[in-house]
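Thanks for asking me to look this one over.

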Amino acid sequence: MRDIQIHIASYNDPLLLHTVRTALAHAAHPERLHFAIFDQQAASMAWVFAEIPRVRYLCVHPRHSKGACWARSMVATLYEGQPLVLQVDAHMHFDHHWDVIIEREFERIEKVIKKPVMSSYPPSFEIEANGSVTLRPLPRGKVLVHVPNEGTEIKEETPAFVFGSVWRDSPVPLPGIHLAGGFFLTLGQFINEVPYDPMVYFLGEEQSMSVRAFTHGWDIYHPTVMPIYHLYRKPGEVSANQHWNAEFARMRTRSLADFQARSNARLRALFYEGEQLGPFGFGYVRSLSDYARFSGIDYEARTINWDLYRRMLKR
């Protein structure tokens, strides 16, 4: 098994320590796990993580935070050259021998793809009133494929929109058009080839990363197994670990509207205006037009080819 550095951006998250502890406790080879954590909370947990081996930890006060992608980009500064990188959120639960399971699945993809990104929206877990954890595992023999929601329109003010997912019957990992920020496993070189753009705020993160990865020659695949679980919020739920929560948002000089406006301008520059954004721009292996032909999502024309998209789901 290869060493894995686990990348976690955390914002006032009470489950950060749970995430790290279950990753270590349930791994078959905990000695091969390394952690890169960028924390955003008022009280640093450096003294806690100093007691856990192979953890690199940075913390800033939430009033200085600039959003999700900025935090992800800060995590990447802690990368130390491990062969594999696993990005997850700070509110995860890891099942037994999860490390062996995901690497075996990744190796299946590596047999056919030189530069794979294995990604999926993770299944859910819940914490019961008595503190016990209930897992909601994926159905067997199915793969969760990320797709635009039916009827989605690509708007002039921003190319960002919300993706959904559909189940497909498959015994093997399936190629995809969209990665999930809450879970992806890839080769370490991805960190340098497709770095997170700190100017993107939140919505549009996964589109920016997915299309940029594609143009740099990386291929997204969705796995048949997922031994890592995510704590999802209930509809309408507001919590302190959201960047726009009023408690710390009011301390910042930049408003939520400012963050979003800057982010939308950055995404328009990338997808619509053809600006050269250096390391945060598109690669030269494949083009934005190639992505449109592959996915059915044509950002330049602001259209989605639903016929091509439906045929893609049947491949």
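1. Let's begin with V147, which sits in strand 9 (residues 142-148). Please keep in mind that this is a predicted model. The relative accessible area of V147 is 3%, and V147 counts as buried because the cut-off for that class is under 20%. Now look for S165: V147 and S165 are 18 residues apart in sequence, yet their C-alpha atoms are 5.2 Å apart in space.

2. Next, a loop residue. Is S120 buried or exposed? You will find S120 in the loop between strand 6 (116-119) and strand 7 (124-127). With a relative accessibility of 3%, S120 is buried. Leaving out residues up to four places away in sequence, S120 touches L144, H146, A180, F183, P223 and M226.

3. M226 also turns up in the second largest pocket, where L138, R140, T224, V225 and M226 are the closest to the centre among the 13 lining residues. The space in this pocket is about 240 Å³. Its lining is made up of eight nonpolar, three polar and two charged residues.

4. How many cavities of 30 Å³ or more are there? The count comes to one, and the volume of the largest cavity is about 80 Å³. Its lining consists of H7, R72, A76, Q87, F184, F190, I191, V194, P195, Y196 and M209. Helix 3 (68-76) and helix 5 (190-193) each contribute at least two residues to that lining. By class, the lining of the largest cavity has eight nonpolar residues, two polar and one charged.

5. L16, L17, T19, V20, T22 and A23 are its buried residues. The elements that cover them include strand 1 (4-11), strand 2 (33-40), helix 2 (46-49), strand 5 (92-94) and helix 4 (98-110).

6. Now for a pair of helices. The axes of helix 6 (residues 205-215) and helix 9 (residues 288-295) cross at roughly 105 degrees and come within 9 Å. Helix 6 is therefore roughly perpendicular to helix 9, since that description covers angles of 65 to 115 degrees. On the helix 6 side the contact involves V211, F214 and T215, while helix 9 brings L288, D290, Y291 and F294. Sorted by class, this contact has five nonpolar residues, one polar and one charged.

7. Finally, two backbone details to check. H97 is not a glycine, but has a positive phi of about 60 degrees. H97 lies in the loop between strand 5 and helix 4 and is partly exposed, at 47% relative accessibility. R302, not a glycine either, has a positive phi of about 60 degrees. The place of R302 is the loop between strand 15 (297-298) and strand 16 (303-304), and its relative accessible area of 24% makes R302 partly exposed.

Terms used. Residues numbered from 1 in each chain as written. Predicted model: local features only at pLDDT ≥ 70, side-chain atom pairs only at ≥ 80, totals over all residues. Heavy atoms only, no water. Axes fitted to C-alpha atoms, helices over the stretch in contact; angles between N-to-C directions. Helix = DSSP H or I, 4+ residues; strand = E, 2+ residues; numbered from the N terminus. Parallel < 35°, antiparallel > 145°, perpendicular 65-115°, else oblique. Contact = heavy atoms within 4.5 Å. Nonpolar A, V, L, I, M, F, W, Y, C, P; charged D, E, K, R; others polar. 1 Å grid on protein atoms, 1.4 Å probe; cavity = no way out; pocket = protein on both sides within 12 Å on 5 of 7 lines; lining within 4 Å. Points joined across faces, edges and corners; volume = space filled by probe spheres on them. Buried < 20%, exposed > 50% of the residue type's maximum accessible area, 1.4 Å probe, protein only.
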